[in-house]
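Please find below some notes for a colleague who is opening this structure for the first time. They are set out as numbered points.

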Amino acid sequence: MADVSSTNDICLEHARSGEKGGLWVTANRQLGGRGRRGRAWVSEPGNLYASLFLLEDDISTDFSALPLAVSIALSRAIDRILPMGAQRSQIKWPNDVLISGAKVSGILLETEKLVNGKRAIIIGCGVNIAHHPEESLYPTISINSLGASVSPQELFTQLYSEMQIVLDIWKQSDGIAVIRKLWLEKAAGIGKSIKVNLPRRTLDGLFVGLAGNGNLILRQDDGESVEISAGDVFFDK
C-alpha cells in the first residue's frame with residue numbers, strides 16, 4: 001500500500017471483516033503510526049512498516065512471551081541485511097532491536113476480541129532503514145546510515161521468512177522454552193545495571209534474566225528479585 005493510517009489499523013479492519021489469519025500488510029508511509037503506550041512513531045517513506053494479522057488459533061495459546069518471539073524474528077531479519085563489518089543486532093527487553101546500543105526498530109502488539117469469539121493478534125513492526133528520529137527517549141539509528149543500501153522490500157522478504165520460522169518454533173510443545181533461550185542469546189544488558197520506568201515508579205537493579213513467562217527479573221540493591229511484565233528499560237551509562 002502507499003499511505004495508510006497505520007498498518008496495524010488495516011490489519012484490524014481485515015480481522016473484523018472475518019478474514020483468516022496469516023495476512024501481512026505493508027505500507028510506504030504511515031500517517032498515524034504509533035508505538036507502545038500511544039507514542040507517535042515517525043513514519044516517513046524509506047523505512048519498513050509491516051503488520052501481521054494472526055488469529056489466536058495460529059499460535060500458542062500462551063501469549064505471554066510473544067513479544068520475545070517477534071523480536072527474535074525481526075532481529076534475525078535485520079542481521080541478514082546489515083553490511084559486512086556492522087555489529088550484529090541485540091534485543092532490549094522486551095522487544096526493541098538495537099544496533100551498537102541504538103534503537104533501530106519498534107514492535108507494537110495489539111489484540112482484539114472479534115464478534116465470532118476469537119481473538120485477533122496484530123504484530124506491527126517498524127524499522128529505521130533510511131530515516132531515524134533525531135529526538136527520542138532512547139538513542140536511535142538507521143540501517144542505511146551504517147553503509148547499507150537496503151530497500152523496505154528487501155528487509156520485508158527476510159522478515160516474512162524469519163517470522164514463519166519463529167512462529168513454527170512457537171507452536172511446538174517446548175516452543176516457549178526454546179524462544180526464551182534464543183532471546184537470551186541476543187539479549188542486551190544481561191548482568192548489567194538498568195533502570196525500569198513503570199507507570200508510577202522507577203526501579204533500579206541488575207538485569208539477571210527472564211522468568212519462564214518472559215518477565216524481566218530485576219535484582220534490587222537489597223538482594224530482592226522482582227519480576228516485571230511491562231516497562232521501559234534504560235541501561236546505566
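**Notes on the model**

1. Val233 is in contact with Lys92, Trp93, Tyr138, Ile194, Lys195, Val196 and Leu216, leaving aside its neighbours within four places in sequence. The model is a predicted one. Val233 sits in strand E14, residues 232-235, and is buried, at 2% relative accessibility. Asn197 is 36 residues away from Val233 along the chain, yet the two C-alpha atoms are separated by 6.5 Å.

2. Tyr138, a contact of Val233, is in the loop between E9 and H3. Is Tyr138 buried or exposed? Its relative accessible area is 12%, so Tyr138 counts as buried, the limit being under 20%. Not counting residues up to four places away in sequence, Tyr138 touches Lys92, Leu98, Gly101, Lys103, Val233, Phe234 and Phe235. The C-alpha atoms of Tyr138 and Gly214, 76 residues apart along the chain, are separated by 22 Å.

3. Two backbone details deserve a look. The peptide bond from Trp93 to Pro94 is cis, with omega near 0°; Pro94 lies in the loop between strand E5 (90-92) and strand E6 (96-99). Ser100 is not a glycine, but has a positive phi of about 55°, and is placed in the loop between E6 and strand E7 (102-103). For background, most peptide bonds are trans, and most residues other than glycine have a negative phi.

4. Helix H1 covers residues 7-16, and Thr7 is found in it. Thr7 is buried, with a relative accessible area of 2%. Beyond four places in sequence, Thr7 touches Val25, Thr26, Ala27, Gln30, Tyr49, Ala50 and Ser51. The buried residues of H1 are Thr7, Asn8, Ile10, Cys11, Leu12 and Ala15. Which strands do the buried residues of H1 pack against? They pack against strand E1 (3-4), strand E2 (23-27), strand E3 (29-30), strand E4 (48-55), strand E8 (105-113) and strand E9 (119-127). Just after H1, Gly18 takes a positive phi of about 95°.

5. How many disulfides does a search of the whole structure find? The search finds zero. The sulfur of Cys11 has its closest cysteine sulfur in Cys125, at 10 Å, which is too far for a bond. Cys125 is likewise in no disulfide, the nearest cysteine sulfur being that of Cys11. Cys11 is buried, at 0% relative accessibility, and Cys125 is buried too, at 4%.

6. The largest nonpolar core has 57 residues, and Ile78, Ile143, Leu155 and Met163 touch the most other members. Helix H2 (residues 66-81) supplies the largest share of this core, 10 residues. Apart from this core lies another, of 12 residues, including Ile10, Cys11, Leu114 and Ala120. Turning to Ile143, its contacts are Ile78, Ile81, Leu82, Val104, Val127, Asn128, Ile129, Ala148, Val150 and Leu155, not counting residues up to four places away in sequence.

7. Ala69 is in helix H2 and is buried, with a relative accessible area of 0%. With residues up to four places away in sequence left out, Ala69 touches Val166, Trp170 and Ile179.

8. How do helices H3 and H4 pack against each other? H3 spans residues 152-170 and H4 spans residues 175-185; their axes are 7 Å apart, at an angle of about 130°. The two helices are therefore oblique to each other. In this contact, Val166, Ile169 and Trp170 of H3 meet Gly175, Ile176, Val178, Ile179 and Leu182 of H4. By class, the contact has seven nonpolar residues, one polar residue and no charged residues. Val166 and Trp170 of H3 and Ile179 of H4 are also the residues that Ala69 touches, beyond four places in sequence.

Note on methods:
Residues numbered from 1 in each chain as written. Predicted model: local features only at pLDDT ≥ 70, side-chain atom pairs only at ≥ 80, totals over all residues. Heavy atoms only, no water. Axes fitted to C-alpha atoms, helices over the stretch in contact; angles between N-to-C directions. Helix = DSSP H or I, 4+ residues; strand = E, 2+ residues; numbered from the N terminus. Parallel < 35°, antiparallel > 145°, perpendicular 65-115°, else oblique. Contact = heavy atoms within 4.5 Å. Nonpolar A, V, L, I, M, F, W, Y, C, P; charged D, E, K, R; others polar. Core = buried A, V, L, I, M, F, W, Y, C linked by side-chain atoms within 4.5 Å. Buried < 20%, exposed > 50% of the residue type's maximum accessible area, 1.4 Å probe, protein only. Disulfide = S-S within 2.5 Å.
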